[in-house]
Amino acid sequence: MDISFSSNKRKQYIEDMKNSSLDLLIIGGGVTGAGILLDATTRGMKAGVLEMQDFAGGTSSRSTKLVHGGLRYLKQFEVGLVAEVGKERAIVYENAPHVTTPEWMLLPFYKEGTFGKFSTSIGLKVYDFLAGVKRKERRSMLTKEETMKREPLLKSKDLLGGGYYVEYKTDDARLTLEIMKEAAARGGKAVNYIKVVDFIYDQGGKLLGVKAEDTITGETHEIYAKKIVNAAGPWVDQLRDIDKSKKGKRIHHTKGIHLVIDQERFPLHQAVYFDTPDGRMVFAIPRDGKTYVGTTDTDYKGDLKNPRITHDDVNYVINAINFMFPEVKMTEADIESSWSGLRPLIHEEGKDPSEISRKDEVFFSPSGLITIAGGKLTGYRKMGEKVADIVAGQLEKEVGIKYDTSNTKHLVLSGGNVGGSSHFPEFIREKIAEGLNLGLSQEDAEQLVKKYGSNVDRLFEIIRDGKKEAELNDLPVNVYATLVYAMDEEMATTPADYFIRRTSAMYFDIAYVRQWKEKAIAFMAKHLNWTPEQTQEHTEELERQMSYSTQAV
């Protein structure tokens with residue numbers, strides 16, 4: 001299967017969309033847009049995605065990085081949501097074991113806390129039932145001593161015990177990319193850095209297409225499609241404004257932040273989900289030698305593209321850490337990096353941000369624009385199925401084309417051909433051995449296999465063929481291979497794409513960014529034929545993103 005998805009072919013992909021009489025055009029290249037593209041493409045629709053930033057550049061790279069079952073929604077009696085996203089976790093895991101990993105989560109309960117022993121036990125039991133949790137992953141209840149043994153850093157005062165249950169850890173940006181790449185391999189079209197600036201209508205006011213600006217070249221294009229879906233996340237209302245159809249329900253933006261601390265400073269053994277003094281819930285999760293903690297949930301009305309982290313945000317999370325892990329004595333100076341993301345929720349009058357439903361909704365405009373808003377990372381496949389069902393139904397009615405029903409439930413994503421989740425550990429061992437034969441260290445080989453899954457074969461090929469070029473560019477072969485792969489197979493167009501969304505280094509290995517940024521920029525400039533002005537622009541953007549990640553405002 002050809003999985004080429006290259007930055008150097010962006011222009012060709014745009015021309016393909018302009019010339020292919022699309023059945024469906026999706027605006028927004030986050031996880032929702034990617035899910036719709038995959039579902040539509042596998043049914044035989046000619047479909048394309050336009051993303052104004054990088055793929056997953058908005059909400060889909062700034063989540064808590066969990067494909068989780070929504071335990072907190074039981075408190076709001078959103079039984080249907082828990083049942084749906086809970087079952088979806090296992091599907092995502094099976095289809096992409098390399099970007100999704102089961103993670104045992106500890107939920108401690110205290111004398112005056114939100115959760116009591118009885119309510120936690122019942123809640124987790126109901127959760128297991130609704131989410132269809134596998135027998136070996138069902139919850140267990142722990143005594144105070146067992147809870148402290150699992151995580152010795154926990155506050156022991158007033159601790160009564162804990163619930164122990166499974167969540168699924170993910171790399172949200174890479175999950176989005178693997179969905180997008182799978183869709184592209186099956187004939188879907190997708191281009192980043194192309195912004196829809198206007199809609200094109202017929203004389204009766206019905207949608208025919210879009211005007212879109214390529215923000216890399218400055219060119220404007222007209223792209224036509226039988227159906228247009230607005231899946232732009234935080235920006236859906238801006239597109240509804242252009243379409244003059246923003247009536248009734250609207251988007252309510254809330255902001256969440258996460259702080260990253262080195263594990264030497266915060267040696268958390270175990271992922272913990274805990275309530276804060278104001279009753280909100282926070283995750284603390286060990287990952288790749290770091291511990292990250294979040295999220296806040298506050299109303300947001302600022303810049304949608306770069307939501308900044310404030311000192312109040314930082315203080316809230318630090319206070320939450322020190323409340324639950326008093327021996328750690330965390331300070332702002334301990335923070336290595338951070339990220340901030342927006343949740344585009346459906347506004348509900350009189351509700352606090354953390355009380356607003358995470359359910360997705362579809363809105364229909366008189367022009368024919370279909371908008372999907374709300375929803376969760378975990379539910380991307382069902383949202384894709386729902387929207388593709390709507391589009392297929394409309395196309396059958398209007399032009400007489402009948403499409404297949406959704407078949408993504410057991411569709412392995414790009415990189416997921418590892419023999420299923422049960423065979424992934426064996427796959428990792430085999431591929432590490434191949435990496436060692438190529439001259440990689442155990443650590444570097446393991447990192448590549450775990451991050452890229454079955455696509456690691458392509459990275460090994462790049463290493464085999466490119467040792468001389470890597471040397472000429474003064475790059476270690478593993479860094480060289482991930483750069484080439486990012487540009488040629490994952491449409492990385494800027495250094496920020498590579499360091500933030502292709503590798504997560506900006507969040508979990510800021511030292512890697514500092515060490516390789518200059519050589520990576522020089523190599524990308526050569527590989528993608530940047531002008532000196534473009535190189536300067538991309539360098540400044542990377543520096544700006546680094547400052548956002550490491551400083552509060």
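Predicted model: local features only at pLDDT ≥ 70, side-chain atom pairs only at ≥ 80, totals over all residues.
**Salt bridges across the chain**

R43 and D389 pair up through their side chains in a salt bridge, at 2.8 Å from N to O. That term covers a side-chain nitrogen of Lys or Arg within 4 Å of a carboxyl oxygen of Asp or Glu. R43 sits in the loop between α2 (31–42) and β2 (47–50), while D389 belongs to helix α9 (residues 380–399), 346 residues apart.

Numbering runs from 1 along each chain as its sequence is written, and side-chain values use heavy atoms, with hydrogens and water left out.

**How elements and exposure are named**
- Helices (H or I, at least four residues) and strands (E, at least two) are DSSP runs, numbered from the N terminus.
- Buried is under 20% relative accessible area, exposed is over 50%, and partly exposed is in between (1.4 Å probe, protein chains only).

**Back to R43 and D389**
- R43 is buried, at 5% relative accessibility.
- D389 is partly exposed, with a relative accessible area of 37%.

**K226 and D23**
- Here's another salt bridge, with K226 and D23 at 3.0 Å, N to O.
- K226 is in strand β9 (residues 220–230) and D23 in strand β1 (residues 22–27), so this pair ties together parts 203 residues apart in sequence.
- K226 is partly exposed at 35%, whereas D23 is buried at 5%.

**The wider picture**
- Searching the whole structure turns up 42 salt bridges.
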